[in-house]
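Biologist: I would like to go through this structure with you step by step. Could you begin with a term that we shall need later?

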Amino acid sequence: MKLNILCNDEEIKFSIIDTGKGFSNEDLQNIFNKFYKGDKSRSFTTEHSGLGNVHS
């Protein structure tokens with residue numbers, strides 16, 4: 001990943017360049033689904049929702 005920042009007295013410009021694997025079409029279609037996980041190896045059967053460790 002690369003982050004470029006350019007500042008002057010009136011504005012800040014930034015760009016982020018990510019050379020990672022990106023998002024699949026399925027990921028993009030589910031981008032606003034609250035608990036969607038694109039990585040199928042991270043299932044709910046492990047009792048993790050990605051919100052920290054909460055134990056009942």
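Modeller: Let us begin with the polar contact: it is a pair of N or O atoms within 3.5 Å, and within protein one of them must be able to donate a hydrogen and the other to accept it. Please also keep in mind that this is a predicted model.

Biologist: Which side chains are joined by a polar contact of 2.7 Å?

Modeller: Those of Asp-27 and Tyr-36. Asp-27 has its place in helix α1, which covers residues 25-29.

Biologist: Is Asp-27 buried or exposed?

Modeller: Asp-27 has a relative accessible area of 18%. Buried means under 20%, so Asp-27 counts as buried.

Biologist: What does Asp-27 contact, leaving aside its neighbours within four places in sequence?

Modeller: Asp-27 is in contact with Tyr-36 and Gly-38. Along the chain, Asp-27 and Gly-38 are 11 residues apart, and 5.8 Å separates their C-alpha atoms.

Biologist: Let us step back to the whole chain. How many helices and strands are there?

Modeller: The chain has one helix and two strands. Their order along the sequence gives the pattern β-β-α.

Biologist: What percentage of the 56 residues is buried?

Modeller: Buried residues make up 4% of the chain. The chain exposes about 5,800 Å², and carbon and sulfur atoms supply 54% of that area.

Biologist: What about contacts between residues 24 or more positions apart?

Modeller: Such pairs account for 0% of the contacts in the chain that have a separation of 6 or more.

Biologist: Now the strands, please. In which sense do β1 and β2 pair?

Modeller: Strand β1, residues 2-7, pairs with β2 in the antiparallel sense, over six bridges. The two strands form a hairpin, and four residues lie between them.

Biologist: Which residues of β2 stand opposite Ile-5 and Cys-7?

Modeller: Ile-5 stands opposite Phe-14. The bridge partner of Cys-7 is Ile-12.

Biologist: Why does β2 lie largely in the open?

Modeller: Strand β2 comprises the six residues 12-17, and the number of them that are buried is zero, so the strand lies largely in the open.

Biologist: Which residues make the nonpolar surface patch?

Modeller: Met-1, Leu-3, Ile-5, Ile-12, Phe-14 and Ile-16 make a nonpolar patch of about 750 Å². The elements that give two or more residues to this patch are β1 and β2. The largest share, three residues, comes from β2.

Biologist: And where does Met-1 lie?

Modeller: Met-1 lies in the segment before β1. Its relative accessibility is 78%. A residue over 50% is exposed, so Met-1 counts as exposed.

Biologist: A change of topic: how many salt bridges does a search of the whole structure find?

Modeller: The search finds one salt bridge. Glu-11 forms it with Lys-13, and their closest N and O atoms are 3.8 Å apart.

Technical notes
Residues numbered from 1 in each chain as written. Predicted model: local features only at pLDDT ≥ 70, side-chain atom pairs only at ≥ 80, totals over all residues. Heavy atoms only, no water. Buried < 20%, exposed > 50% of the residue type's maximum accessible area, 1.4 Å probe, protein only. Pairing = 2+ DSSP bridges. Contact = heavy atoms within 4.5 Å. Areas by Shrake-Rupley, 256 points an atom, 1.4 Å probe, with all protein chains shown as cover. Patch = residues over 30% accessible without salt bridge, like charges linked within 9 Å, V, L, I, M, F, W, Y side chains within 5 Å. Salt bridge = Lys/Arg side-chain N within 4 Å of Asp/Glu carboxyl O.
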